[in-house]
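Welcome, and thanks for taking a look at this model with us. Please open the structure beside this briefing and follow along, topic by topic.

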Amino acid sequence: MTSQSDPHAADALSPATLVVAAGRPERTQGAPVNPPVVLSSTFVSQGVPGAGEPLYGRMDAATWHPFEQTLGTLEGSAHPALVFGSGMAAIAAALSLVPPGGRLVLPRHAYQVTLGYAQDLHDRLGIDVTLVDIADTDAVTAAVSEPRPASMLWIETPTNPMLEVADLPVLVEAAHAAGALVGVDNTFATPLVQRPFEHGADVVVHSVTKYLAGHTDVVLGAALADDDDLHARLHAYRTLHGSIAGPFEVWLALRGLRTLALRVERAQANAAELARRLADHPAVAEVRHPSLPADPGHDRAARLMDGFGAILGLRPRGGPDAADALVAALRLWVPATSLGGVESTLERRRRFATESLTVPEDLLRMSVGIEDVEDLWRDLAQALDAL
């Protein structure tokens, strides 16, 4: 059994077991099975503080440790994760590794706020931003070295919201050959489906808000680095910028994390079945999910991932008006942004003016939850039939 003092003691266990077993208190007589919430902004301290000594809540908090150690173990990192106040706070920390005047290569289809932040880095710090089709391996390989070497290659795989799948090990090797760091947003896949450090990634980030917490009730992020120096730089960024998480939110995220394996298993199975049925419906123009043999990312996902995820892309016949009508006709699916909760949600992504213009206006991003798949299908079918 793992403990807070030795988060890697159970490396031989499967991820589905680690997600339950890691980050537990020491097994001593009368000890709690679950770690407690420590609600204190400051700690008793006098004299010169020792290394690692609790001092002030912006610097460290005991309630962060079990979650950070569990996520670090799941990702196979040499260091615990660093929890942040939001997914974007973690992304900002990771992108701070790009120096002023440096060059950042990232997917043209990615989380829209990541793309917006990249533009902000360009405007403020003169960082050269190059957008690529992350599924076009040759184009990405060329982009990390021309017209000048990149400082960082940022990868989403599958991408948000287009579900393109990157050839992760090949792209990491090409980026490193050009002298670039590689950051991977692993939110969609989770460490149960994909572990970027195994392919040589330098930094991994998560929106903990999504699958890891899993219950649509907290906003949190996390960043991880295998390298000692990179980990220290991310830790310093969090401390100096104050982009920290509240202890109770992190405790809730750890409670949600314990059921990640079950939730991901059920949601992925639901998503694959719904994708299969949607592909045959006459009111559907296109459905995207890597589980489909005809999907462009299928072969790559089958080779590199331990599953296909639980996000679908759906384009109904009839354009944006039909997409909006479909959303309005649903009764079980929840029209809402974000994703990765136990409930099934969907939205038309181009309702946001900041979404990439290359995302089709009628694309619905669907986050498949853990409900009974037949109930989800009946709701979808009646809405599609009404079109």
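In this predicted model, a polar side-chain atom of H289 sits 2.9 Å from the backbone oxygen of G309. H289 belongs to the loop that runs between β8 (284-288) and α10 (298-304). The notes below start with this residue and then move on to another loop, a helix, the cores and a pocket.

- Is H289 buried or exposed? Its relative accessibility is 0%, and because buried means under 20%, H289 counts as buried.
- Leaving out residues up to four places away in sequence, H289 touches L163, A271, A272, A275, D295, F308, G309, A310, I311 and L312.

**S77, in another loop**
- You will find S77 in the loop between α2 (64-75) and β1 (82-84).
- With a relative accessible area of 2%, S77 is buried.
- The S77 side chain reaches the backbone oxygen of H79 at 3.0 Å.

**Helix α7 from start to end**
- At the start of α7, a side-chain oxygen of D227 comes to within 2.9 Å of the backbone nitrogen of D229.
- How far apart are the end C-alpha atoms of helix α7 (residues 228-241)? They are 20 Å apart, which agrees with the 20 Å that its 14 residues should span at 1.5 Å a residue.
- The buried residues of α7 are L230, H231, L234, Y237, R238 and T239.
- An α-helix has 3.6 residues a turn, so residues three or four places apart point the same way.
- G242 follows α7, and its phi is positive, near 65°.

**Nonpolar cores**
- Which residues touch the most other members of the largest nonpolar core? They are F67, L274, L278 and W333, in a core of 67 residues.
- Helix α9 (residues 260-279) gives this core its largest share, eight residues.
- L274 is in contact with L312, W333, V368, V373, L376, W377 and L380, leaving aside its neighbours within four places in sequence.
- Another core, of 29 residues, lies apart from this one, and its members include A90, I91, A93 and L230.

**The largest pocket**
- The largest pocket holds about 400 Å³ of space.
- It is lined by 24 residues, and the closest to its centre are Y111, N160, S207, K210 and L339.
- At least two lining residues come from each of α3 (87-95) and β6 (203-207).

Terms used. Residues are numbered from 1 along each chain as its sequence is written. This is a predicted model: local features need pLDDT of at least 70, side-chain atom pairs count only at pLDDT 80 or more; totals for chains, interfaces and linings use all residues. Side-chain values use heavy atoms; hydrogens and water are left out. A nonpolar core is a set of buried Ala, Val, Leu, Ile, Met, Phe, Trp, Tyr and Cys residues joined through side-chain atoms within 4.5 Å. Buried means under 20% relative accessible area, exposed over 50%, partly exposed in between (1.4 Å probe, protein chains only). Helices (H or I, at least four residues) and strands (E, at least two) are DSSP runs, numbered from the N terminus. Contact means heavy atoms within 4.5 Å. The expected span of a helix is 1.5 Å times one less than its number of residues. A polar contact is a pair of N or O atoms within 3.5 Å; within protein, one must be able to donate a hydrogen and the other to accept it, and residues adjacent in sequence count only if both atoms are side-chain atoms. On a 1 Å grid over the protein atoms alone, a cavity is a set of points where a 1.4 Å probe fits but cannot get out, and a pocket is an open set with protein on both sides within 12 Å along at least five of seven lines; lining residues have an atom within 4 Å of a point. Grid points are joined across faces, edges and corners, and a volume is the space filled by probe spheres set on the points.
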